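The following note is intended for a colleague who has the sequence and the coordinates at hand.

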Amino acid sequence: MLKNLSKSSFISFYNPQRVRNFRERIIAIILFGCGVFSILVTIGIIVSLFSEAIGFFLRPEVNLITFLTGTNWRPLASQVSPENFGVRPLIRGTLMIAVISGSIALPLGLGSAIFLSEYASDRLRSVLKPLLELLAGIPTVVYGYFALSFVTPILKRVLEDQLGIRVSFFNAFSAAFVVGIMIIPIIASISEDAMRAVPRSLREGAYALGATKFEVSTKVVVPAALSGIISAFIIGISRAIGETMAVTIAAGATPRMTLNPLDGIQTMTAFIVQVSFGDAPAGSINGQSIFAVGATLFTMTFVMNIISASILKRFREVYE
Amino acid sequence: MEAEKIISIDTKHYKENISRRNRAEKIFNVILLLSVLFALLMLTVLIIDIAVEGFAWVRPELFENYHSRKPENAGMKSAIAGSIIVILLTGLFSFPVGVGAAIYLEEYAPKNRLTDFINLNINNLAGVPSIVYGMLGLVVFGRMFGIFSNNSWFVNLFNIPIESGATGGWKFFLFDIPWLEIHLPFGRSMVAGALTMSLLILPVVIIASREAIRAVPPSIREGGYALGTTKWHVTRTLVLPIAFPGILTGMILSLSRAIGETAPLIIMGAFTYVPFLPRSVWDRFTVIPIQIYNWITLPQAEYRVHLAAAGILVLLVILFLMNGIAIYLRKKFEIKW
C-alpha cells in the first residue's frame with residue numbers, strides 16, 4: 001500500500017499511462033454523449049410538439065374535447081370557435097388513405113415477400129430486390145406528381161367517362177394508390193426477412209410429408225413468420241399515416257367527413273403543410289394548430305411503432 | 001374383387017387430390033409473380049411518364065435561371081444550389097454524431113437497460129414521420145423556443161442586441177473571427193434546414209454505421225488488444241479504417257434520402273421563391289423537391305406537368321448517381337472474411 005503510493009507519486013509528474021487513461025476516459029465520455037443524443041432528439045420532439053400543442057389548447061377559442069370529437073375542421077373560418085376545431089375530419093382523411101393504401105400494399109407486399117423468399121432463385125432475387133427497393137427510394141413528391149398526372153386522369157377516363165361516376169380532380173383514391181405502391185417494398189422487405197429467418201428444417205419437414213411449395217409457403221412459412229409479417233404490416237400502415245407530400249399534392253385540401261374515396265379530402269399531414277406553406281406566424285392560432293395536429297399524428301405513429309416493435313421482439317425470441 | 005375396388009377408388013381419389021393441389025400451386029405461382037411484377041410495372045410506368053413529360057424541358061435554362069413567370073425561362077438554379085449546400089451541411093452535422101453513436105453502441109456500451117433503451121429509441125426515431133422532424137426543427141432550430149425574440153427574459157437578462165424583423169435575431173461573430181458569423185435563432189436558414197435533416201437521417205446513419213462496424217471480425221480487435229493497446233486505439237486504427245467504406249456507403253444512402261425530402265423543410269420554413277444564389281449558410285434557401293412541389297401547385301400546364309417533370313428527372317438522376325457511387329464503393333472495398 002505504502003509502496004504503491006510512493007511509486008505512483010514518484011512518477012505522477014509525467015506518466016504516459018495516466019495521460020493515456022485520461023484520454024481514453026474523455027473519448028469514452030464523448031462517445032457516450034453521441035449515444036445518448038438520440039434520446040435527446042426524442043425528448044426534443046415531445047417537448048416541442050406538446051409545448052406548442054398545450055399552448056393551443058389553453059386558448060379560449062378551442063378546447064380539447066371538441067378538438068377530439070368535433071366533426072368540423074375550419075381553422076380559417078372568420079368565426080374562431082371550438083366548433084371549427086374538430087380534428088376528426090383530418091383523422092378520417094388520414095385513415096382513409098391508410099386503409100386504401102394498406103389494402104393495396106398488404107397483399108402485394110406479402111405476395112412479393114413470399115415470391116422473393118420461397119420461389120425466386122438467388123439470381124432472380126438479387127435482381128428483383130434492388131429494383132423493389134428503388135421504389136422505396138423515390139422521393140414522395142415524385143409519387144404525388146405521378147398520382148396527379150397519371151393515376152387521376154386514368155381514374156377519370158375509366159370511372160367518369162365510361163361509368164358516369166363523378167371523380168374529383170383531387171381525390172383520396174389516387175393518393176392512396178401511390179402511397180400503396182410506396183409502402184409495398186417496406187412490407188415486402190420486412191416480411192421477407194421474417195420468412196427467411198424461419199428454419200429450413202420446418203420447410204423440409206413439410207416437404208417430406210409430400211406438401212407442395214404452395215402448402216409449405218402458406219401453411220408453414222407464413223404462420224411461422226406471422227409476427228414478423230404483422231409487424232411489417234403495422235410499420236407499412238404507420239408509414240402511410242405519416243406520408244405527406246403525395247397526399248398533399250393529390251388528395252386535396254378539403255377536410256371532410258366522407259367515406260367516398262373519389263372525393264377530395266385532407267389528411268393531418270396535408271393540413272400541416274398547407275399552413276406552413278402559407279407562413280402562419282409563430283404564436284397565432286393557425287401556427288399553433290399544426291402542433292396540436294402534429295402531436296396527434298406523432299402519438300398515432302408512435303403507438304403503432306411500439307406495438308410493432310414488441311411483436312417483432314417476441315418473434316425474435318422464438319428463433320434465436 | 002372388393003379389395004380391387006377399394007384400391008381403384010383410392011388411386012382415383014389420390015389422382016384428383018394431386019391434380020387439384022398442382023393446380024393450386026400453379027395459380028399461386030402466377031399470383032405471386034403478378035404481385036412482384038405489379039410493383040415493377042408501376043416503377044416503369046412512373047419513370048416513362050416522367051421522362052415523356054419532362055425530357056424536352058431539361059434544357060440549359062433549367063440550370064441557369066431562377067423561377068420565372070414565363071415557363072420557357074423558368075429554371076431552378078437556386079434550388080439546385082440550395083440542395084447541394086444543405087446536403088453537404090447535413091453530412092457534416094450527422095456524420096460525427098451518427099458514427100460516434102454507432103461506435104459507442106458497438107464497441108463501448110455495456111449490456112444494461114440504458115443501452116437497451118437507446119436501441120429501442122433509435123428504432124422508434126426511424127419510424128417517426130419526417131414531417132414531425134420538420135416541426136421539431138422549426139421550434140428548436142428555427143425559433144429556439146423564442147428565447148432570442150424581442151423582450152424575452154433571456155434577452156433582457158443578458159442585454160443581448162436583437163435585430164427585429166423576419167430575419168432578425170442576435171447576430172455576432174464567434175471569437176470575433178470574420179467568417180464565423182452566428183445567427184441566433186437559426187431562423188429559416190440553411191443551417192436550420194441542415195440540422196433538421198441531420199436529426200431526420202441520424203437513426204439511419206447510426207443503424208448503417210453499426211452494421212459496418214459489426215462486420216469487422218472480433219479477431220482483428222483481439223489482435224490489437226494482444227499488443228497492449230487501448231480500446232480507442234484499437235477502434236481508431238483497426239476497426240474504423242476497415243469499417244469506413246461501409247460507413248461511407250450508409251452515409252451516402254442516408255443523404256440520398258435527405259435530398260428527396262420535402263415536408264420537413266417546408267415546415268421548417270424553407271422558401272419557395274429564392275431569386276438569388278446563397279452567399280452564406282445563414283441565407284434563406286429553397287431545395288429541388290420544394291421547387292418541384294411549387295411547380296406542381298401552379299395552374300399552367302407548362303409548370304404543373306412539364307417543368308415539374310423536368311425537375312423530377314434532375315432529382316432522380318442525382319439520386320441514381322448517389323446510389324451508384326454507394327454501390328460502387330461497397331463493391332470495391334468489400335472484404336470477405
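1. Chain contact. Chain B contributes 67 residues to its contact with chain A, and chain A contributes 68 residues; two residues are in contact if their C-beta atoms, placed from the backbone, lie within 7 Å. On the side of chain B that touches chain A, helix 1 (residues 2-54) of chain B gives the most, with 19 residues. Helices (H or I, at least four residues) and strands (E, at least two) are DSSP runs, numbered from the N terminus. That side of chain B comprises 48 nonpolar, 13 polar and six charged residues. Ala, Val, Leu, Ile, Met, Phe, Trp, Tyr, Cys and Pro count as nonpolar, Asp, Glu, Lys and Arg as charged, and the others, Gly among them, as polar.

2. Basis and confidence. This is a predicted model, in which local features need pLDDT of at least 70 and side-chain atom pairs count only at pLDDT 80 or more, while totals for chains, interfaces and linings use all residues. Residues are numbered from 1 along each chain as its sequence is written, and chains are lettered from A and ligands numbered from 1 in the order in which they are written. The model scores ipTM 0.89 and pTM 0.90. For chain B the average pLDDT is 88, and 96% of the residues score at least 70; pLDDT is the predictor's confidence in each residue, from 0 to 100.

3. Domains of chain B. The assignment gives domain 1 (2-55) and domain 2 (59-143 + 185-333), with bounds that come from an automatic or database domain assignment. The centres of the two domains, taken over C-alpha atoms, are separated by 42 Å. Five residues from domain 1 of chain B and six residues from domain 2 of chain B form their contact. The domain 1 side has three nonpolar, one polar and one charged residues.

4. Helix 7 of chain B. The 25 residues of this helix (residues 190-214) should span 36 Å, at 1.5 Å a residue, and the end C-alpha atoms are 34 Å apart, which agrees. The expected span is 1.5 Å times one less than the number of residues. A kink of about 45 degrees lies at B:Ile201, shortly before the proline B:Pro203; the bend is the angle between axes fitted to the seven residues ending at a residue and the seven starting there. Because 22 of its 25 residues are buried, helix 7 of chain B is largely enclosed by the rest of the structure. A residue is buried if 20 or more other C-beta atoms lie within 10 Å of its own, exposed if 12 or fewer, and partly exposed in between, with C-beta atoms placed from the backbone.

5. Helix 12 of chain B. Its 33 residues (residues 301-333) reach 47 Å from first C-alpha to last, close to the 48 Å expected. Helix 12 of chain B bends by about 30 degrees at B:Leu307. Its buried residues include B:Leu307, B:Gly311 and B:Ala326.

6. Backbone points to inspect. Most residues other than glycine have a negative phi, and most peptide bonds are trans. B:Leu184 and B:Pro185 are joined by a cis peptide bond, with omega about -5 degrees; B:Pro185 lies in the loop between strand 2 (181-184) and helix 7 of chain B. B:Met144 has a positive phi, near 50 degrees, and is found in the loop between helix 5 (130-142) and helix 6 (153-158) of chain B. B:Met144 counts as partly exposed, with 19 C-beta neighbours inside 10 Å.
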